[in-house]
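Me: I am new to this structure and would like to go through it with you. Could you show it to me before we start?

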Amino acid sequence: CGFSCETYSADAFEEFQAQNHSFQDVAGYFAFSTEDNYRLMGRGEPVPATGIFVTRTFFQVLGVQPSLGRLFAPDDARKGSHPVALLANAYWKRQFDADPAIVGKAIDLNGQPVTVVWVLPPSFDFGAVFSPGEKVDLFAPFILDDWRNNGNDLTMIGRLKTGVSLPQAQADVNLVMPQLYFNTKRPDTKGYYKGTLTPLKTYVTGRLRGPLMMLWSAVGAILLIVCVNLSNLLLARAATRSKEFALRSALGAGRMRLVRQLLTESLVLSVAGAVLGVG
């Protein structure tokens, strides 16, 4: 069933919000948005933009505070409400010259006036966390009533209550999920859902762990080869200096004196190599 097995319907999302006991709040985003699904019009040639639908409390759950404007209000996520959007910081700077006056004004998206209510702080990057490699320019509220007859569209995100551990929350999820309906109009869909909690940090870094381990292993192997080659060069150099050491011994240099000289030379070479390597 692909990505649909990792997402939830609008009805299931609302039920989970109401029935769970482990989360301060639960939010979600539309998991199937496509690149350049908007066109910014009224400024010459239409400019493509990528937008994501998010539930009303999405940014509160993630702890993101607005740089300008306000968060989505309850009325913004009601069916038939006037369209609103918030802008990613980079998009705001690129398309609107970082003009703070854009907040509260309407822009033309896909031929429809949409009011800008918020500009995200520069530290928030949706693509880096949830969709690596993709840029997201703007966000619009996910209106649940518009999606009730659709399938599994939402990826859910929750913020645990203070004092609730991950195993406790997972036990709660295991109890609640089988009680959810894919569609509340169809009782036969009960028991359709299961859920496994993943900490956000693990979700972000887990996909990179394998490639990073391979990269580190390759770097380690290269460094080991370099060390072996340098050891061979030093041994060969020492062999060619046997006459020099014999002469120094004949002139009165003791064994420890010769060892100290070799150690000093090796230390200078190592420090120089380390400085260049760090650079």
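Me: Where does Thr-115 lie?
Reply: Thr-115 is part of strand 8, which covers residues 112-119. Helices (H or I, at least four residues) and strands (E, at least two) are DSSP runs, numbered from the N terminus. This is a predicted model, in which local features need pLDDT of at least 70 and side-chain atom pairs count only at pLDDT 80 or more, while totals for chains, interfaces and linings use all residues. Residues are numbered from 1 along each chain as its sequence is written, and side-chain values use heavy atoms, with hydrogens and water left out.

Me: Is Thr-115 buried or exposed?
Reply: Thr-115 counts as buried because its relative accessibility is 17%. Buried means under 20% relative accessible area, exposed over 50%, and partly exposed in between (1.4 Å probe, protein chains only).

Me: Which residues does Thr-115 touch?
Reply: Not counting residues up to four places away in sequence, Thr-115 touches His-82, Pro-83, Val-84, Ala-85, Gly-104, Lys-105 and Ala-106. Contact means heavy atoms within 4.5 Å.

Me: Now Pro-66. Where is Pro-66 found, and what does Pro-66 touch?
Reply: Pro-66 sits in the loop between helix 2 (58-62) and strand 5 (68-69). Leaving out residues up to four places away in sequence, Pro-66 touches Leu-71, Trp-118 and Val-119. With a relative accessible area of 26%, Pro-66 is partly exposed.

Me: What separates the C-alpha atoms of Pro-66 and Gly-127?
Reply: Those C-alpha atoms are separated by 18 Å, and the two residues are 61 residues apart along the chain.

Me: Changing topic: which residues of helix 1 are buried?
Reply: In helix 1 (residues 10-19), the buried residues are Ala-10, Asp-11, Ala-12, Phe-13, Glu-15 and Phe-16. The buried residues of helix 1 pack against strand 1 (23-30), strand 10 (154-160) and helix 5 (166-176).

Me: What is Glu-15 in contact with?
Reply: Apart from its neighbours within four places in sequence, Glu-15 is in contact with Gln-179, Leu-180, Tyr-181 and Thr-184. The relative accessible area of Glu-15 is 15%, so Glu-15 is buried. Between Glu-15 and Pro-113 there are 32 Å in space, C-alpha to C-alpha, and the two are 98 residues apart in sequence.

Me: What is the phi of Asp-97, and where does Asp-97 lie?
Reply: Asp-97 has a positive phi of about 55° although it is not a glycine. Most residues other than glycine have a negative phi. Asp-97 lies in the loop between helix 3 (89-96) and strand 7 (106-109), and Asp-97 counts as exposed because its relative accessibility is 64%.

Me: And what about the phi of Asn-110?
Reply: Asn-110 is not a glycine either, and has a positive phi of about 55°. Asn-110 is located in the loop between strand 7 and strand 8. With 43% relative accessibility, Asn-110 counts as partly exposed.

Me: On to the helices: at what angle do helix 7 and helix 8 pack?
Reply: Helix 7 (residues 242-250) and helix 8 (residues 255-278) pack at about 135°, and their axes are 10 Å apart. Therefore helix 7 is oblique to helix 8. Axes are lines fitted to C-alpha atoms, for helices over the stretch in contact, and angles run from 0 to 180 degrees between N-to-C directions. Angles under 35 degrees count as roughly parallel, over 145 as roughly antiparallel, 65 to 115 as roughly perpendicular and the rest as oblique.

Me: Which residues make that contact?
Reply: Glu-244, Phe-245, Arg-248 and Ser-249 of helix 7 meet Leu-258, Gln-261 and Leu-262 of helix 8.

Me: Last topic, the whole chain. How many helices and strands are there?
Reply: The protein chain has eight helices and 10 strands. Along its principal axes, the C-alpha trace spans about 100 × 55 × 35 Å.

Me: What share of the residues is buried?
Reply: Buried residues make up 33% of the 279 residues in the protein chain. Of the contacts with a separation of 6 or more, 71% are between residues 24 or more positions apart.
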